[in-house]
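The sequence and the structure are shown first, and the points are then grouped by topic.

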Amino acid sequence: MNIVISNSDKAPIYEQIVNQIKMQILSGTLKEGDALPSMRFLAKELRISMITTKRAYEELEREGYIVSYVGKGSFVKASNNDFIREDIRLQVEEGLREVYNKAKSADISYEELCEILRAYYEEEYEQ
């Protein structure tokens with residue numbers, strides 16, 4: 001499992017962990033039944049507080065992405081991919097709303113925004 005924490009990201013660290021694990025589940029990188037690293041191990045690897053990893057895992061469990069067993073660990077839960085995709089779609093819409101507001105305040109046109117987004121997609125396909 002690959003998680004990258006960014007100090008420049010406005011989202012709290014636990015939220016960055018939650019979002020990245022969700023994306024890995026949706027993309028199929030993490031599959032039903034896969035074990036997640038222990039909270040202690042993840043905290044050590046990321047050089048963060050164990051309380052932060054505990055909060056992230058609790059959030060993932062509360063949202064139905066993982067299941068945890070005392071003494072055994074945490075595992076990707078069998079889930080409905082439509083539900084996961086809808087959750088991520090909502091996050092994308094919220095992000096786009098913020099981008100739209102910034103673009104509008106800077107007088108960036110719809111066409112310019114589309115071109116920026118198109119460039120990101122094209123960049124991804126070139127790699």
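How much space lies in the largest pocket? In this predicted model, the largest pocket holds about 780 Å³ of space. Its lining draws two or more residues from each of α1 (13-27) and α4 (81-105). The second largest pocket has a volume of about 260 Å³, and α4 and α5 (110-126) each supply at least two residues of its lining.

**Overall fold**

- The secondary structure of the protein chain consists of 5 helices and 2 strands.
- Read from the N terminus, the order of the elements is α-α-α-β-β-α-α.
- The C-alpha trace of the chain spans about 55 × 30 × 30 Å along its principal axes.

**Largest pocket**

- The lining of the largest pocket comprises 15 residues, and those nearest the pocket centre are Asp9, Asn19, Gln91, Val92 and Gly95.
- Helix α4 makes the greatest contribution to the lining of the largest pocket, giving 8 residues.
- By residue class, the lining of the largest pocket divides into 5 nonpolar, 5 polar and 5 charged residues.

**Second largest pocket**

- The residues that line the second largest pocket are Leu96, Val99, Tyr100, Tyr110, Leu113, Cys114, Ile116, Leu117 and Tyr120.
- Helix α5 gives the most to the lining of the second largest pocket, with 6 residues.
- The lining of the second largest pocket contains 9 nonpolar residues, with no polar and no charged ones.

**Packing of α1 against α3**

- The axes of α1 and helix α3 (residues 50-62) come within 8 Å of each other and cross at roughly 45 degrees.
- The crossing of α1 past α3 is right-handed.
- On the α1 side, the contact involves Ile13, Tyr14, Ile17, Val18, Ile21 and Lys22; on the α3 side, it involves Thr52, Thr53, Arg55, Ala56, Tyr57, Glu59 and Leu60.
- The residues of the contact of α1 with α3 divide into 8 nonpolar, 2 polar and 3 charged.

**Packing of α2 against α3**

- Helices α2 and α3 pack at an angle of about 125 degrees, and their axes are 8 Å apart.
- Helix α2 passes α3 in a crossing that is right-handed.
- In α2, Met39, Arg40, Leu42 and Ala43 take part in the contact; their counterparts in α3 are Met50, Thr53, Lys54 and Tyr57.
- The contact of α2 with α3 is made up of 5 nonpolar, 1 polar and 2 charged residues.

- Leu46 belongs to helix α2 (residues 39-46).
- When residues up to four places away in sequence are not counted, Leu46 touches Ile3, Ile5 and Ile17.
- Ile17, one of the residues that Leu46 touches, is also among the α1 residues that meet α3.
- Leu46 and Asp34 are 12 residues apart along the chain, and their C-alpha atoms are separated by 20 Å.

Note on methods:
Residues numbered from 1 in each chain as written. Predicted model: local features only at pLDDT ≥ 70, side-chain atom pairs only at ≥ 80, totals over all residues. Heavy atoms only, no water. 1 Å grid on protein atoms, 1.4 Å probe; cavity = no way out; pocket = protein on both sides within 12 Å on 5 of 7 lines; lining within 4 Å. Points joined across faces, edges and corners; volume = space filled by probe spheres on them. Helix = DSSP H or I, 4+ residues; strand = E, 2+ residues; numbered from the N terminus. Nonpolar A, V, L, I, M, F, W, Y, C, P; charged D, E, K, R; others polar. Axes fitted to C-alpha atoms, helices over the stretch in contact; angles between N-to-C directions. Left-handed = near helix turned anticlockwise from the far one by under 90°. Contact = heavy atoms within 4.5 Å.
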